[in-house]
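Reader: I would like to learn how to read helix packing, chain contacts and a nonpolar core from a model. Could we take these topics in turn?

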Amino acid sequence: MTEPDYLNANYTLRSWFFTTDHKRIAILYFASLTLFFFIGGAAATAMRIELATPQADLVSDDIYNRLFTMHGIIMVWFFLIPSIPNTLGNFIVPLMIGARDLAFPRLNLLSWYIFMLGGSVTLFAILAGGIDTGWTFYTPFSTLYSNSYVMVAAAGVFIAGFSSILTGLNFIVTIHRLRAPGLTWYRLPLFIWSLYATSVILVLATPVLAITLVLIAVERFFGVGFFDPRIGGDPLLFQHLFWFYSHPAVYIMILPGMGVINELISCFSRKQVFGYKFVAWASLAIAALGFLVWGHHMFVTGQSLLASLVFSFMSFVVAVPSAIKVFNWTATLHKGSLRFDAPMLYALAFIGLFTIGGLTGLFLACLAFDVHATDTYFVVAHFHYIMVGGMVTAYFGGLHYWWPKITGRLYSEYWARAAAILIFLGFNLTFFPQFVLGAEGMPRRYHVYPPEFQVWNVLSSGGATILAAAYLLPLLYLGYSAFFGSRAPANPWDAPGLEWQTSSPPPEHNFDVQPVVTRAPYQYRNFEAEPQNA
Amino acid sequence: MPDSPAVAPQFASVSHRDETAELGMWVFIATEVLLFGGLLLSYFVYRHAYPQGFATGGRHTEIVIGTANTAILLTSSFLVAWAVEIFAAETRRLTAGLLAAAICLGLAFIVLKGIEYHGEYEEHLVPGIDFRFTGDLANGVQLFFIFYFIATAIHALHMIIGIGLLAVLALLCRGAPSTRHRAALHSAALYWHFVDIVWIFLFALIYLPGRSTS
């Protein structure tokens, strides 16, 4: 007879769908997000197949518009934004801070139901015929001209926004109020700092998207609104409001990834994170400065040159805390006792890919270069290096790292390393050619292109095939591990974090005895030292 | 006053739970500030672009109803604050009575708002449904009224939610009030005051422009 844990405490459907246990809610999110990830991925696959040849041979221009819109909306709002916070965050945050649950467990469950409602409405919009505005809903096309299901999709995103807000609220309150005795702010793992910064953005930026989508819906429904140029309204005001949300949303999509990387890098080099306080405050600096750079999406819209200069400058400033993190991770590796388990491979991939994505972001923050690169594949490659090369890689890294804690099972290290390497290779082959395409002037969002671009497009589509296969691999070996993997010990990585001090998988209320914290985080012992759980 | 028997396992004590709930409401209010903030930004952009149109639009609003509604909301907030202040087992009838009075004032606000909307409909000032303002200032006036209807409708929606919250709490307080209800009342009161503050901004932005220059 095994000890009762959160997984085997109860097997009924009711115990899953009405659970208030943060760990089970994390699993609910994990299942839903995996579904959305593969839906969004299917749209991307269709696009890459179409782009293998210069002509239109698979889909028409109209269908192509709907494909990239579906890919964007699903991936941004139904995978990337909730990815790490709502799965790994939901599961790990209370464990990491020594709490028995989040502050508002029922709100947490409500947040999942709202998310599923928003996701269902969006899927309905896609199945009913799709949306052709791009994920950005730019006016006046979205309000006056598009004949697709804009209002339904906007409603789906609007609803999902409340889920984001409630999760952010729950994390902020939990981190403020439920830390274990002795767990001061500077003893918090950096994952918590980065999720705290993420939550601040979720709470302060998402409502602006909500009101903007309301304005779009009003305008479509009543035929007149704020962004209507026929009555003197300004369609660019929409872009300002949209990017006031959506640029900080980029940081919602990368900060949690950065948080995971801290945990992985320190664990697999057996060292404290170099410059802990700098890394911690860099998260908050990114959250704050991230609100002041939205205009860099609008350099070619005719906004004033002064505004563009300021936004350009601020975009360089926000790169400083990001660079601090990259340098500090590298310094953490220095003279560390390194081990290259699968999570570490993902972490190292993250550092490289994020650096490329970040530096090309600086290219785009330069006014003159941006005029050349706006709406080209250079931009597409840049943000995929951050979103996929960064966030998705970190998501997989974190998933492997905490997998033994979540499921109580070990995964196949051999397959996990193979998948990590394949993802890295496939990713670069997919997206690096797109930098070249963009620099040579290929615009995004077209289903046909001049024949001279074909070589790079074929490379990219070939890479996408590898990437798609590599993303399916974890589904197989992690799926196998969840049911047939060998039992994981409580602390397979010999890590000092509180989440490793309870059993794997944890009991329903996480800790049998309330943990008390007496020291700074990341006090690792070398792998060679006598293992704790022998 | 009896404590609620059990505290959820993530809390160390009743006060820990109640203070946590209050922080949750403050964070929620921060979200709400940004929701209305996006709307107010649009208002200022267009007021800056169409000053005459907005002044004319402001003069077409019902300042008597607007002022009456401001007084009504401020009074209801006062009653809610009073209810929070005296909350105790011995004063539960008075607490429930104060909340009921605040609810009545809230309903009066909604009714007056409806009368006001009807008046604007009669005057053909509802963009998208029946808007017949012509002349040089038509665009500015129409943008003003688009803001007016969206902002006041979203505010009224918040009022209705608030009235629902206060009604539930009035019923709970009439029964057997506990410290848990005190915390809930505290949070609901915060929300009610916030909705009140939003109205004070809306009042100044909707009813006052153009009044001194006509």
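Reader: How are α1(B) and α6(B) oriented to each other, roughly parallel or roughly antiparallel?

Author: Please keep in mind that this is a predicted model. Two packed helices are described by the angle between their axes and the distance between the axes. Here helix α1 (residues 14-49) of chain B packs against helix α6 (residues 179-207) of chain B at an angle of about 15°, and their axes are 9 Å apart. Angles under 35 degrees count as roughly parallel, and α1(B) and α6(B) are therefore roughly parallel to each other. The handedness is given separately, and the crossing of α1(B) and α6(B) is right-handed.

Reader: Which residues of α1(B) and α6(B) make the contact?

Author: From α1(B), the residues include B:V14, B:A21, B:M25, B:I29 and B:F36, while those from α6(B) include B:A183, B:L190, B:F194, B:V198 and B:L205.

Reader: At what angle do helix α3 and helix α4 of chain B pack?

Author: Helix α3 (residues 63-86) and helix α4 (residues 92-122) of chain B pack at an angle of about 165°, with their axes 9 Å apart. That angle makes α3(B) roughly antiparallel to α4(B), and α3(B) passes α4(B) in a left-handed crossing. In the contact of α3(B) with α4(B), the residues divide into 19 nonpolar, five polar and two charged.

Reader: What pattern does chain B follow along the sequence?

Author: Chain B contains six helices and two strands, and read along the sequence these follow the pattern α-α-α-α-β-β-α-α. The C-alpha trace of chain B spans about 65 × 30 × 30 Å along its principal axes. Of the 214 residues in chain B, 37% are buried. Among contacts in chain B between residues at least 6 apart in sequence, 77% join residues at least 24 apart.

Reader: Which residues have the most contacts inside the largest nonpolar core?

Author: In soluble globular proteins, nonpolar side chains tend to be buried together. The largest nonpolar core in this model has 227 residues, and those with the most contacts inside it are A:A154, A:I192 and B:L99. The largest share of this core, 22 residues, comes from helix α7 (residues 190-222) of chain A. Not counting residues up to four places away in sequence, A:I192 touches A:V93, A:M96, A:I97 and A:I175.

Reader: Why does A:I159 count as buried?

Author: A:I159, whose place is in helix α6 of chain A, counts as buried because it has 20 C-beta neighbours inside 10 Å, and a residue is buried if 20 or more lie within that distance. Leaving aside neighbours within four places in sequence, A:I159 is in contact with A:I114, A:L117, A:G118 and A:V121.

Notes. Residues numbered from 1 in each chain as written. Chains lettered and ligands numbered in written order. Predicted model: local features only at pLDDT ≥ 70, side-chain atom pairs only at ≥ 80, totals over all residues. Core = buried A, V, L, I, M, F, W, Y, C linked by C-beta atoms within 7 Å. Buried ≥ 20, exposed ≤ 12 C-beta atoms within 10 Å, placed from the backbone. Helix = DSSP H or I, 4+ residues; strand = E, 2+ residues; numbered from the N terminus. Contact = placed C-beta atoms within 7 Å. Axes fitted to C-alpha atoms, helices over the stretch in contact; angles between N-to-C directions. Parallel < 35°, antiparallel > 145°, perpendicular 65-115°, else oblique. Left-handed = near helix turned anticlockwise from the far one by under 90°. Nonpolar A, V, L, I, M, F, W, Y, C, P; charged D, E, K, R; others polar.
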